[in-house]
Amino acid sequence: MVVGDVLLDRDVEGVVNRLCPDSPGPVLDETAHVERPGGAGLAALFAAAQTGEVALVTALADDAAGARLSGLLTAAGVQVYALPLAGATPEKIRLRARGRVLLRHDRGGASGTPGEPGEAVLRLIADASAVLVSDYGRGVARQPALRAALAATAAPVVWDPHPRGPAAVPGVHLATPNEAEVRELADCPPGPSRLATAARGAQGLRQRWRAGAVAVTLGADGALLCHADATPLVVPAPGSAEGDTCGAGDRFAATASLALARGALVSEAVQLAVAEASAYVAAGGVAGLSVPAGDPSPTSWGTGGERIGVAAAGAVVAATRAAGGTVVATGGCFDLLHAGHVATLQAARRLGDCLVVCLNSDTSVTGLKGPDRPVVPQGDRGRLLAALNCVDAVMIFDEATPHAVLSWLRPDVWVKGGDYATGAGDEPVLPEAELLRRWGGHTVVVPYLPGRSTTDLIAAARAAGVDRLRPAASSGPADNGRRDRGKPSRHPGAVERQPTEGAR
């Protein structure tokens with residue numbers, strides 16, 4: 001698992017053929033742009049590409065950048081355990097021409113304060129095979145409960161420090177600063193040579209942090225490893241490579257962490273990390289990274305009205321949390337909005353202080369229902385939902401499941417309509433239940449109106465060609481075609497799934 005601060009990285013490529021008419025600055029004509037997770041998010045991407053299961057504990061704000069990061073990370077197979085973040089999600093924008101950076105533009109302002117981790121996060125740290133702390137100096141590595149869990153875990157911990165960040169917790173297996181960082185962190189005066197300066201700083205840092213070892217990355221010259229033995233180990237790079245080094249330190253730390261998880265010695269882990277980081281730079285660095293196919297963007301997550309889209313949902317959720325309220329969310333296709341849908345939405349809204357509807361896009365509905373669906377396009381479906389008094393905001397998503405949206409929204413309650421829970425004791429677990437446990441949320445089921453079904457309405461319209469459609473008395477709820485079993489729910493308004501330990 002990876003613990004640390006994420007940033008939204010955006011590279012804007014272009015060409016410069018002229019200067020500004022009102023100042024001697026170059027004009028960049030944009031030709032392409034790419035967005036990707038940065039900071040701890042980039043380290044998590046590297047780890048996910050090399051192993052089957054990676055969890056990321058980070059902090060996301062209720063803004064478009066946070067939503068974008070959640071989508072990118074989820075699309076890459078990273079399990080996101082997001083803590084609430086006061087303020088804005090940080091962004092780093094690089095304006096580039098011919099492979100060179102002309103200007104870097106940072107957004108997000110001062111670091112916000114991450115919220116408390118839930119029980120699921122603390123258990124995850126205790127059970128991890130290895131933990132990489134990717135500190136970018138924005139507060140996640142300072143979180144007291146996280147630090148206590150990191151100090152107590154039996155897993156090997158790799159600490160990639162930042163000069164603005166805190167000291168590593170005592171007993172980490174390996175710290176991985178670069179040359180500039182180790183000089184600043186260890187307050188080390190220059191020595192007679194580059195290696196002597198790095199070795200002196202690494203030994204001082206190792207003793208101060210009570211770390212097992214410190215590996216100082218030296219760019220194209222590899223790394224220097226200092227441990228309890230007085231003689232440092234120099235690990236040269238396998239070959240010289242010129243190129244963009246952005247992300248090379250994250251690649252180094254992620255590779256070393258995975259090697260330690262598999263039982264490698266620290267010296268073996270550092271050698272493998274040097275080789276991987278060198279190959280990464282030689283392959284073009286971040287420019288050679290592939291963005292996950294079909295990844296969502298803030299614009300694809302719904303725009304078109306004041307109550308539709310990322311900005312609308314983020315503002316509603318932030319205001320509700322600031323007032324100490326309960327955030328409720330529900331989701332579905334809502335094709336041909338009918339009374340059964342409205343009953344479910346009204347019941348959901350009564351469970352909290354705001355309701356956000358996660359709406360399947362046209363692409364998503366087609367993938368789930370077939371080429372003839374949806375009947376009503378997503379723009380119209382979103383506007384109809386947003387017009388209901390019980391709905392505070394609507395987000396439209398392209399994926400088959402709302403997992404990426406939920407990882408960003410982090411609702412307190414996720415509501416499903418239908419007969420998922422009957423009181424028989426053998427109810428299936430809702431697909432989103434495990435996801436909600438990451439931040440201590442829970443799932444509930446609300447009763448539906450029997451005889452209301454979008455599928456049956458469409459079939460009746462096509463078969464009879466009637467102008468007025470009546471719900472069939474024998475048909476099931478919503479879009480899933482389930483039948484009413486006639487069994488009462490445990491509660492007249494909602495049926496609560498009994499969460500496992502730590503879900504609340």
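This is a predicted model: local features need pLDDT of at least 70, side-chain atom pairs count only at pLDDT 80 or more; totals for chains, interfaces and linings use all residues.
For the residue classes used here, Ala, Val, Leu, Ile, Met, Phe, Trp, Tyr, Cys and Pro count as nonpolar, Asp, Glu, Lys and Arg as charged, and the others, Gly among them, as polar.

Rolling a probe the size of a water molecule over the atoms shows where empty space is left. In this structure, a search of the whole model turns up 2 cavities of 30 Å³ or more. The largest cavity has a volume of about 90 Å³. Its lining is formed by Asp-5, Val-6, Thr-58, Ala-59, Leu-85, Ala-88, Thr-89, Pro-90, Gly-112, Pro-114, Arg-138 and Val-140. Sorted by class, the lining of the largest cavity holds 7 nonpolar, 3 polar and 2 charged residues.

What is the volume of the largest pocket? The value is about 1,000 Å³. There are 45 residues lining the largest pocket, and those closest to its centre are Asn-178, Thr-245, Gly-247, Ala-248 and Gly-249. Both strands and helices take part: strand 2 (6-19), strand 3 (26-39), strand 6 (91-97), strand 7 (100-107), helix 7 (248-261) and helix 8 (266-282) each give two or more residues to this lining. By class, the pocket lining divides into 15 nonpolar, 17 polar and 13 charged residues.

| Helix pair | Axes come within | Crossing angle |
|---|---|---|
| Helix 3 (residues 119-127) and helix 4 (residues 144-152) | 9 Å | roughly 25° |
| Helix 1 (residues 40-50) and helix 7 | 9 Å | roughly 45° |
| Helix 5 (residues 179-186) and helix 6 (residues 194-209) | 9 Å | roughly 55° |

Let us take helix 3 and helix 4 to begin with. Their axes cross at roughly 25°, and angles under 35 degrees count as roughly parallel, so helix 3 is roughly parallel to helix 4. The crossing of helix 3 and helix 4 is right-handed. Helix 3 brings Val-121, Leu-122 and Ile-125 to the contact, while helix 4 brings Ala-145, Leu-146, Ala-149 and Leu-150. Which classes do these residues belong to? The contact of helix 3 with helix 4 has 7 nonpolar residues, no polar ones and no charged ones.

Next come helix 1 and helix 7, which cross at roughly 45° and are therefore oblique to each other. Is their crossing left-handed or right-handed? For helix 1 and helix 7 it is right-handed. On the helix 1 side, the contact is made by Leu-42, Ala-43, Phe-46, Ala-47 and Gln-50, and on the helix 7 side by Asp-250, Arg-251, Ala-254, Thr-255 and Leu-258. These contact residues divide into 6 nonpolar, 2 polar and 2 charged. Helix 7 is also one of the elements that give two or more residues to the lining of the largest pocket.

That leaves helix 5 and helix 6. With an angle of roughly 55°, helix 5 and helix 6 are therefore oblique to each other. The crossing of helix 5 and helix 6 is left-handed. Helix 5 contributes Glu-179, Val-182, Arg-183, Leu-185 and Ala-186, and these meet Arg-194, Thr-197, Gly-201, Ala-202, Leu-205, Arg-208 and Trp-209 of helix 6. The contact of helix 5 with helix 6 holds 6 nonpolar, 2 polar and 4 charged residues.

## Two backbone details

A couple of loops deserve a look as well. Arg-210 lies in the loop between helix 6 and strand 11 (214-217). Its phi is near 55°, a positive value in a residue other than glycine.

Where is Pro-374 found? Pro-374 sits in the loop between helix 11 (362-369) and helix 12 (378-386). A cis peptide bond joins Arg-373 to Pro-374, with omega at about 5°.

Note on methods. Residues are numbered from 1 along each chain as its sequence is written. Side-chain values use heavy atoms; hydrogens and water are left out. Axes are lines fitted to C-alpha atoms, for helices over the stretch in contact, and angles run from 0 to 180 degrees between N-to-C directions. Helices (H or I, at least four residues) and strands (E, at least two) are DSSP runs, numbered from the N terminus. Angles under 35 degrees count as roughly parallel, over 145 as roughly antiparallel, 65 to 115 as roughly perpendicular and the rest as oblique. A crossing is left-handed if the near helix is turned anticlockwise from the far one by less than a right angle, and right-handed if clockwise. Contact means heavy atoms within 4.5 Å. On a 1 Å grid over the protein atoms alone, a cavity is a set of points where a 1.4 Å probe fits but cannot get out, and a pocket is an open set with protein on both sides within 12 Å along at least five of seven lines; lining residues have an atom within 4 Å of a point. Grid points are joined across faces, edges and corners, and a volume is the space filled by probe spheres set on the points.
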